[in-house]
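Please look over the sequence and the 3D structure below. A short report on its parts follows.

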Amino acid sequence: MSVVLGIETSCDETAAAVVDDRWRVHSSVVESSIAEHHHFGGVVPELAGRAHVTTIVPVVRAALESAGLDVAHPAIDAVAVTAGPGLIGSLLVGLAAAKAYALSWDVPLVAVNHLEGHLFAPLLETPDLAWPVLTLLVSGGHTMLVHQTAPGEHEVIGETIDDAAGEAYDKVARWLGLGYPGGPPIDRLAGEGDASSLVLPVSMTGDDLDFSFSGLKSAVVRAGEKRPDLAHADIAAAFQRAAVEQLTRKLRRALERYDVAGVAIAGGVAANSALRAAVTDLAAQFGVVAHVPSLAMCTDNAAMIAAAGLSHLARGATSALHASADPNWSLADVS
Ligand code: KG4
Ligand code: ZN
């Protein structure tokens, strides 16, 4: 049995986890500097980087301890670490720590793509899941549709042409004065509003599997400025309905084209209540399994990074100790 320590520091979460090759999570620890960024409307890279520096060692120690491992000489087979995409200063803190641990414990380093990590989240909750799976990967920086045929075997079949879904949530929330991150407060507020009080244009109605969210965000702002009487809850509800409608419309189109056993959602926006309900519904309509991970598994964590690392390790694909971070590492370039 292989056991891997995963480390994740691509954004505001400092995370470490221990996972084995049967996709069992032995421990998963996540610390976040999110409260420090709340009033800035987004993650401040310098603050995030500094927080990782002070948090990384205690978080790794906590993950090893709660997995029942010897902190000085843990019985692990590799250290997997996010090497991109993400904030360069944050990535470098995790990468430097991972290299130091790998060197001192004499185990291989595995550089992992953060987006590939998200694709492993459903597997950690359903280790025997049936393939292929269509995954809607929706986070603060990315929105894409991925066709997965096995762990680590994936093809990007659709992508946003401008903003990510989470970015649209964050921008609309900022405009409404709801702070960062914007997804959770808009999700909550939408539950109290009337989506039909504001008609928003439907974007990306074409036949392709791509997305666009920048027009939707601008339409919300324009409508809100024109009608100052509109309640924030109604704006949130209308925006959420349009955003989820676009995501599910493209997922439906993909389900019509690809013969799969299941659909999955992954990434921070997968925590959205309306999206979770819509995808569960869609899966039932197509008679496929819906993989809707727990909230903790949707947002950034290191268990998913350890899992991706395990799949690379199984193929002997380890990284050199001089591996560097790539803030723009595309999922399409993951081999
Ligand atoms: O995957 P993630 O934790 O970090 C990135 O890799 O980007 O995703 C963070 C994003 C943020 O844009 C946040 O607003 C969004 O996920 N998010 C949500 C919800 N919870 C988090 N968006 C919509 N509804 C939510 N409930
Ligand atoms: Zn993420």
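Which residues coordinate the zinc ion (ligand 2)? His114 (NE2), His118 (NE2) and Asp300 (OD) do, at 2.0 to 2.2 Å. Donors here are N, O and S atoms within 2.8 Å of the metal (3.2 Å for Na, K and Ca); water is not among the atoms, so sites may look incomplete.

This is a predicted model, in which local features need pLDDT of at least 70, side-chain atom pairs count only at pLDDT 80 or more, and totals for chains, interfaces and linings use all residues. Residues are numbered from 1 along each chain as its sequence is written, chains are lettered from A and ligands numbered from 1 in the order in which they are written, and side-chain values use heavy atoms, with hydrogens and water left out.

**The metal site along the chain**

The zinc donors follow the spacing H-x3-H-x181-D. His114 and His118 both sit in helix α4. They are four residues apart, about one turn of the helix. Helices (H or I, at least four residues) and strands (E, at least two) are DSSP runs, numbered from the N terminus.

The chain is assigned domain 1 (3-119 + 299-333) and domain 2 (130-296). Such bounds come from an automatic or database domain assignment. The C-alpha centres of the two domains lie 27 Å apart.

How many residues of domain 1 are in contact with domain 2? The number is 19, and they meet 21 residues of domain 2. Contact means heavy atoms within 4.5 Å.

The size of an interface is often given as the accessible area lost when the parts come together. Between domain 1 and domain 2, the buried area is about 1600 Å². Carbon and sulfur atoms give 62% of that area. Buried area is the accessible area (1.4 Å probe) that two parts lose on being put together, summed over both.

One salt bridge is counted between domain 1 and domain 2. A salt bridge is a side-chain nitrogen of Lys or Arg within 4 Å of a carboxyl oxygen of Asp or Glu. On the domain 1 side that touches domain 2, α1 (34-37) and α4 (114-125) are the elements that give two or more residues. Helix α4 gives the most, with four residues. By class, this side has nine nonpolar, eight polar and two charged residues. Ala, Val, Leu, Ile, Met, Phe, Trp, Tyr, Cys and Pro count as nonpolar, Asp, Glu, Lys and Arg as charged, and the others, Gly among them, as polar.

**Salt bridges**

The rule gives a count of eight salt bridges.

| Salt bridge | N to O distance |
|---|---|
| Arg315 and Glu153 | 3.4 Å |
| Arg50 and Glu46 | 2.9 Å |

Arg50 and Glu46 are about one helical turn apart, because they are four residues apart in helix α2 (residues 45-66).

**Backbone details**

Gly84 and Pro85 are joined by a cis peptide bond, with omega about -10°. Pro85 lies in the loop between β4 (78-84) and α3 (88-105). The peptide bond from Trp131 to Pro132 is also cis, with omega near -5°. Pro132 belongs to the loop between α4 and β6 (133-138).

Trp23 is not a glycine, yet its phi is positive, at about 65°. Trp23 is placed in the loop between β2 (13-20) and β3 (25-32).
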